Amino acid sequence: ANVSSGVNLGLFDTDTMEYVDDVLVSGDVMIFSFYKKAKDRRLERARKVIATASEEGFTPYVVSSTLQPLEEALGVEKVYSADRKTLLTLNRNSGGVTVISDGVIVHKWAPADYPDADELREIKNKETEENILSYIAGRKIWSQIFMLLILTFLIIY
């Protein structure tokens, strides 16, 4: 299928047999990605975040490269399909959550760090550019702290 938006991740609807990448370019979208079989504890946490995301005005999508039936466990009507490499590209944290605002990735979380309602509300209330800058700044600070710890370790030993 032709994707008019230019986005080409390869999200596939197995019911219609069409690519659905256009869903990523309009509004605030949360992609929950699963590229290996998920345990019950992770599914329960994801289910809660999906409900919270909907309440906060995000459109949640579940995308999987597994054959694990996720609809009932996550409380969603549809699970889209994508290959494992696509999902690794989208969020490198053994699956996870990616927020896309009007076609721009603004935040990612690993499964262990799913966002809460306050964090989602904060993202929803910021402009896309503000979200990107705060995400990058936060990651940069942690990188600097990590490097200082390594340097300290090397100096001591």
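Is Met17 buried or exposed? Met17 is exposed, with a relative accessible area of 57% (exposed is over 50%, buried under 20% and partly exposed in between, using a 1.4 Å probe and protein chains only). Keep in mind that this is a predicted model, where local features need pLDDT of at least 70, side-chain atom pairs count only at pLDDT 80 or more, and totals for chains, interfaces and linings use all residues. Residues are numbered from 1 along each chain as its sequence is written, and side-chain values use heavy atoms, with hydrogens and water left out.

- Strand S6 (residues 96-101) has 6 of its 6 residues buried, so it is largely enclosed by the rest of the structure; strands here are DSSP runs of E with at least two residues, helices are H or I runs of at least four, and both are numbered from the N terminus.
- Gly96, Thr98 and Ile100 point one way from S6, while Val97, Val99 and Ser101 point the other.
- S6 pairs antiparallel with strand S3 (residues 28-34) over 6 bridges (pairing takes at least two DSSP bridges between the strands).
- S6 also runs antiparallel to strand S7 (residues 104-109), joined by 5 bridges.
- Thr98 is the bridge partner of Ile31, and Thr98 also stands opposite Lys108 in S7.

**Positive phi values**
- Most residues other than glycine have a negative phi.
- Met17, in the loop between strand S1 (12-13) and strand S2 (18-19), has a positive phi of about 60°.
- Asp102 also takes a positive phi, near 50°, in the S6 and S7 hairpin, which has 2 residues between the strands.

**Gln68**
- Gln68 sits in the loop between strand S4 (59-64) and helix H2 (71-74), and counts as buried at 16% relative accessibility.
- A polar atom of the Gln68 side chain lies 2.8 Å from the backbone nitrogen of Ala38.
- Setting aside neighbours within four places in sequence, Gln68 is in contact (heavy atoms within 4.5 Å) with Lys36, Lys37, Ala38 and Leu43.

**The largest pocket**
- The largest pocket has a volume of about 230 Å³; a pocket is an open set of points on a 1 Å grid over the protein atoms alone, with protein on both sides within 12 Å along at least five of seven lines, and its volume is the space filled by probe spheres set on the points.
- Lining residues (an atom within 4 Å of a point) include Lys36, Lys37, Ala38 and Ser94.
- The lining divides into 3 nonpolar, 1 polar and 6 charged residues, with Asp, Glu, Lys and Arg counted as charged.

Conventions:
A polar contact is a pair of N or O atoms within 3.5 Å; within protein, one must be able to donate a hydrogen and the other to accept it, and residues adjacent in sequence count only if both atoms are side-chain atoms. On a 1 Å grid over the protein atoms alone, a cavity is a set of points where a 1.4 Å probe fits but cannot get out, and a pocket is an open set with protein on both sides within 12 Å along at least five of seven lines; lining residues have an atom within 4 Å of a point.
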